[in-house]
Every structure is written in structure tokens, then in C-alpha cells.
Amino acid sequence: MMIQKISVDRVLREAVATPYRDLVTRATGAAVRVGIEREMIAADCLTTLLDFSAVGLVDFSCADEVVAKLLLGQALPAGRHVVLWGVNEDHSEAIDHVLRRRDLAILVLDDGAGGLRVLGRLADDPAAAFGEVHRVGPLDSPALAAALAWSLERAASALDTLVILRLLRAEDSTYRPVPIA
Amino acid sequence: MTRIVEIPASLDDRSFEQFAESLAAGDPGATRPLFDARGVQWASPYGLVGLLTAGQAWQEARRERPLFTIPAHDDVARYWARAGFFLHAAELFELHGKVPKVKVDDHSDVLLGVTPVRASEDVHQVVGMIQERASRMLSDKLGLDAKATMGFAMALSEACQNIVEHAGTGGWVSVHAYSYRRRLGRRVVVIAVSDAGVGFRKSLEGEQARRYGDRWSDGAALEAAVIQGVSRFRDPGRGQGLAGIKRYLARWEGKLSIRSGTARIAIVPAWDEDVPLTDHLAYFPGSQLQVTIPASQVAE
């Protein structure tokens, strides 16, 4: 299986056994993250879609525990990806804030034609490279260098940064968007 | 022996210092305090949770309940009862005077009556209870954008979590809306959180005291936490709570003030003239935080 979808709201209810839909407090965040990690390890998929659509409030502390620490944790080996889905503006703000503090970034899949966007800290070169890969499709370093009039080293560095941040997928010498379907 | 602790007629975050001075005066260890609220005519949520904190600190240290005379003015006593003050005060103080029998208010400017915060579940409950009412209050009565509601609940959540994460004991939270005409000329919503715990200085001491040397104090600890975003944890992801509150307040012209031990720090918006940092105050146990969100000028 390539794609796994996890309902964060369901994991929250299982983790804390309360009727509330809000992701608040570090203790709750840690419990939810452990639940998500357990499901990710069991499914071992290339991409995990975390569905926030039924989640109410996300506070900063909980966003740090759930999202930032998930990206830093052992349950996410190299080459595996996490994409957020169903995040509203308030969720985005909290998640973006905590990821920037740790120099991390994550993909968000918006409904409709929005496609993938990035939350967190992304320097100018990787941001431009990300845009180019999503505009033209899979490419290698020379193609990116030619498209953006960069040196080969600059293009390779930007693409490798995106792979390290799990925002692109590298196969041989080609860099591809993260699979989401 | 009993000694009288005077409570100002109007008890808010500023007049609170008179109360703290009265509490710290004399020989606090030797005499049982009598908190004299008979002359009180008004108290902000900060005042109410601060009173409970004083009672809690005394009880935890002495295993004895201090005395408390309830406000003589019936309207005041009824308001305190509706705000849930006496429910908790009865466990901490030996109450003297007639406590009005009224229901804790769910449909007034008391958005959240005095509520204990001891564990993560309490924060869930507080956030769950506040959202609908805060939404109504912030948009209908304060004229703020609907976006203000989520941020308000986040600020409340982070403020309460400071107790769970750092205090080492329980605390209290309350949220009221009221007219703040004397200083601002507008209505405000106020979050007040107070605990009788270790305070910022002790909480940060292990990580920060050596760096500051002789300058280490309650004020330095508050400055490190609130201005520099320092946490007692080495994890760089910590310290998000106060940073998040400040971010929210910057957007909605809000004010943050935190008192701990003998110092008080404030993030002061343009509409206020508070002092950014005050040292050498009378000692008061734990930490007290207040968030003030003003109505939009259009709404007023």
C-alpha cells in the first residue's frame, strides 16, 4: 500500500477518552503522536495522510508534540512522507509556527485545486525548486539548474534539502512530488 | 493570633499589589490571616483567582484554613457566587458571612467561572467550555473578527498549561468580560490564571541561574521566559505557549501581564500605560497571568 490515511480526530478520541475534539496540551499531543506512530509503523506506507478535518482547536504545544516531533521521530524512516489534510487556517497557523521554530516543514494537501503547499520554514532556493518540480513534474538537477538559471551545485543542494525535509521524493537521480494518491 | 489582610475595594491586577503587601506584612508565619473582603465593591477575575491562590498557598504551607469575611455588599457577594468563587473558597478558607445561594452563572459576562486547573484533562474541559461562549462574546459584543475566537481559545489553553507543566501544584482560571472605561474606554475580555506553585524563578533556575549570576531574580526569570522565550526544558520546541500568546495579542491589540514572586512583567499595547517590568514587589506565591483583549474601536 502506497498511501495510508489516519483520522487525527479518531486517534485523539482513542488516546484521551474524552468527548472533546481539540488538540490541546502536550500530554494529549504526545499520546496522539504515539498512536499515529503506531499506525504508521504497522502500515509501513510511503505516504501517510493525516486527516485534521474533524479536529477542533490545535494549540501550539500540541502542534509541536504531534506534528514537529512526528517529523523528528523514529517512526518516520528516510523516504517516508507525511502530508496533512483537512487543516483549516487556524490549524495552519499553529503548525507553521512550531515548525518554523525547529526549522522543519511539512506538506499540506488542500481541498479542490489547491494542490500541495508547504507549512514551516523553507529557504528561498528549496522553495523555488519545490515550485518548479510541482509545475513541470519530475526532474533532475541539471534540468532544474537549466530551468532556473542556477549552477548545478545550487540546484542539487536545493533538491537534496527538499528530500531531507521529506517534501520531495528522490528516485535515482530524479526528484518527484510526494505521492498522495 | 489573627492578623487582618486588607483587600482593596476594587481588586484588579493593579490594586492587587496592595493586597500582596498586606498579605506579606508583619510576621506571616506566626499568625493566621483573616482576609477581609467586607468592603470590596468589585473584583476582576485576576483578583478572584489571586485570592484563591493566597488561600491555597497558606493551606498547603500551614495545613490550616485562613479566615475570610465575604463582601458585605449583597450585589458583590452574589456576583462572586455566580462566578463560582465561593464554591472553591469554601474548601480553602473558613468563610464568615452569608454566602448567597445562587447558581453559577452560565449566561452572563462571566465566560468562565472560577475553574480549577490541575491536569491536562482540566485544560481540555476549559477549552471545550469556552469556545462557543467566547465566539459570541468576541464577535457580537467586542466586534472582533471571527478569527479571534480560535486564537483566544489557544491563548487560554497555553495559559492554563503553564500550571500543568510548571507550577508543581494546582491553580485556577477564570474569564470575564467587562467594561474597562477608566483606563481604556472600551469593553474587554480578560483571562486570569493563577497558581500557588514554584514560580518562574524556581522553574527556570536549573537552566538559567548560572548564566545570570548575581542578576538572577524573579524579574530576570520573567524576562527570560516572556521576552526571550526561554523554557526550563532544553528541547527547542518548548516555550511555545507564551510565544503563542504574545503572537495572538499582537494581532488583537491585547495585553499580557505576568506576576511571579516579587516581580511583574507586561507586554504593553499602545492603549495602556503599564510599566514593562517591575521588581521588588511584595512577595506573592506562584504565578499570576492576565490576558486582556479589548473591543475593536468600531464596536464601541
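Predicted model: local features only at pLDDT ≥ 70, side-chain atom pairs only at ≥ 80, totals over all residues.
Reader: In S11(B), which residue is the bridge partner of Arg259(B)?

Author: Strand S10 of chain B, residues 255–261, runs antiparallel to S11(B), and five bridges join them. A hairpin through one residue leads from S10(B) to S11(B). In S11(B), the bridge partner of Arg259(B) is Arg264(B).

Reader: Are the residues on the faces of S11(B) buried or exposed?

Author: Strand S11 of chain B spans residues 263–267, and five of its five residues are buried. One side carries Ala263(B), Ile265(B) and Ile267(B), and the other carries Arg264(B) and Ala266(B). Both faces are covered, and the residues on them are all buried.

Reader: In S3(B), what is the bridge partner of Arg3(B)?

Author: S1(B) pairs with strand S3 of chain B, residues 32–36, in the parallel sense over five bridges. In S3(B), the partner of Arg3(B) across a bridge is Pro33(B).

Reader: How many residues of H2(B) are buried?

Author: Helix H2 of chain B, residues 45–62, reaches 26 Å from its first C-alpha to its last, close to the 26 Å expected at 1.5 Å a residue. The helix is followed by Arg63(B), whose phi is positive, near 55°. H2(B) is largely enclosed by the rest of the structure, because the buried residues number 14 of the 18.

Reader: Does Pro142(A) count as buried or exposed?

Author: Pro142(A) lies in helix H6 of chain A, residues 141–148. The C-alpha atoms of Pro142(A) and Ala128(A) are separated by 15 Å, with the two residues 14 apart along the chain. Pro142(A) has 12 C-beta neighbours inside 10 Å, so it counts as exposed.

Reader: Which helix gives the largest share of the side of chain B that touches chain A?

Author: The contact takes 20 residues from chain B and 20 residues from chain A. On the side of chain B, helices H5 (120–141), H6 (147–167) and H9 (240–251) each supply at least two residues. By class, that side has seven nonpolar, nine polar and four charged residues. The largest share, eight residues, comes from H6(B).

Reader: Which strand gives the most to the side of domain 1 of chain A that touches domain 2 of chain A?

Author: The domain assignment of chain A gives domain 1 (1–121) and domain 2 (122–181), and 16 residues of domain 1 are in contact with 11 residues of domain 2. Strands S2 (47–51), S3 (81–85), S4 (105–110) and S5 (115–120) of chain A each give two or more residues to the side of domain 1 that touches domain 2. By class, this side has 11 nonpolar, four polar and one charged residues. With four residues, the strand that gives the most is S5(A).

Conventions: Residues numbered from 1 in each chain as written. Chains lettered and ligands numbered in written order. Buried ≥ 20, exposed ≤ 12 C-beta atoms within 10 Å, placed from the backbone. Pairing = 2+ DSSP bridges. Expected span 1.5 Å × (residues − 1). Contact = placed C-beta atoms within 7 Å. Nonpolar A, V, L, I, M, F, W, Y, C, P; charged D, E, K, R; others polar. Domains from an automatic or database assignment.
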